[in-house]
Amino acid sequence: MKPDSEILDRIAAELLRAASERAPDKTACPSEVARAIGGGHPDQWGPLMQPIRKVAVRLANEGRLIITRKGKTVDPNDFRGVYRIGMPRAD
């Protein structure tokens, strides 16, 4: 089942909220966003992880957040595995 635009909008808002609530140079885990939307049980939030990743990539490509892996910013179109999200630096 494809997520509808309402859930994708909510995912985007939650990703931006989670990233913006962190101190500068701190990141958030995407599973935090999944739990905020889907609930505490893995059967509820687990299926949201792929749509969250797709929305995170879109937001990163728009310059609205960054995706990090092992503490380093990565290319949103070319990364694998566990990642975190943060706000872009305002340099």
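Contact here means heavy atoms within 4.5 Å, and in that sense Leu-15 touches Val-33, Ile-52, Val-55, Ala-56, Leu-59, Leu-65 and Ile-85, residues up to four places away in sequence not being counted. The structure is a predicted model, in which local features need pLDDT of at least 70 and side-chain atom pairs count only at pLDDT 80 or more, while totals for chains, interfaces and linings use all residues. Residues are numbered from 1 along each chain as its sequence is written, and side-chain values use heavy atoms, with hydrogens and water left out.

Leu-15 belongs to the largest nonpolar core, which has 23 residues, and together with Ile-52, Leu-59, Leu-65, Ile-67, Tyr-83 and Ile-85 it touches the most other members. Such a core is a set of buried Ala, Val, Leu, Ile, Met, Phe, Trp, Tyr and Cys residues joined through side-chain atoms within 4.5 Å; buried means under 20% relative accessible area, exposed over 50%, and partly exposed in between, with a 1.4 Å probe and protein chains only. The elements that give two or more residues to this core are helix H1 (5-20), helix H2 (30-38) and helix H4 (49-61), where helices (H or I, at least four residues) and strands (E, at least two) are DSSP runs numbered from the N terminus.

Helix H4 can be followed from its interior to its end. Its buried residues are Pro-51, Ile-52, Val-55, Ala-56, Val-57, Leu-59 and Ala-60, and what covers them includes H1, H2, strand S1 (66-69) and strand S3 (84-86). The expected span of a helix is 1.5 Å times one less than its number of residues, so the 13 residues of H4 should span 18 Å, which agrees with the 18 Å between its end C-alpha atoms. After H4 comes Gly-63, whose phi is positive, near 80°.

The strands form an open sheet of three in the order S2-S1-S3, with antiparallel pairing, and its edge strands, each pairing on one side only, are strand S2 (72-73) and S3. Two strands pair if DSSP finds at least two bridges between them; S1 and S3 pair in the antiparallel sense over three bridges, and Ile-67 has Ile-85 in S3 as its bridge partner.

A salt bridge is a side-chain nitrogen of Lys or Arg within 4 Å of a carboxyl oxygen of Asp or Glu, and a search of the whole structure finds seven of them. In one of these, Arg-17 is joined to Glu-32, with the closest N and O atoms 3.8 Å apart; because Arg-17 lies in helix H1 and Glu-32 in helix H2, the pair ties together parts that are 15 residues apart in sequence. Glu-32 also forms a salt bridge with Arg-22, the closest N and O atoms being 2.3 Å apart, and this pair links helix H2 to the loop between H1 and H2, where Arg-22 lies, 10 residues apart. A network of salt bridges links Glu-14, Arg-17, Glu-21, Arg-22 and Glu-32.
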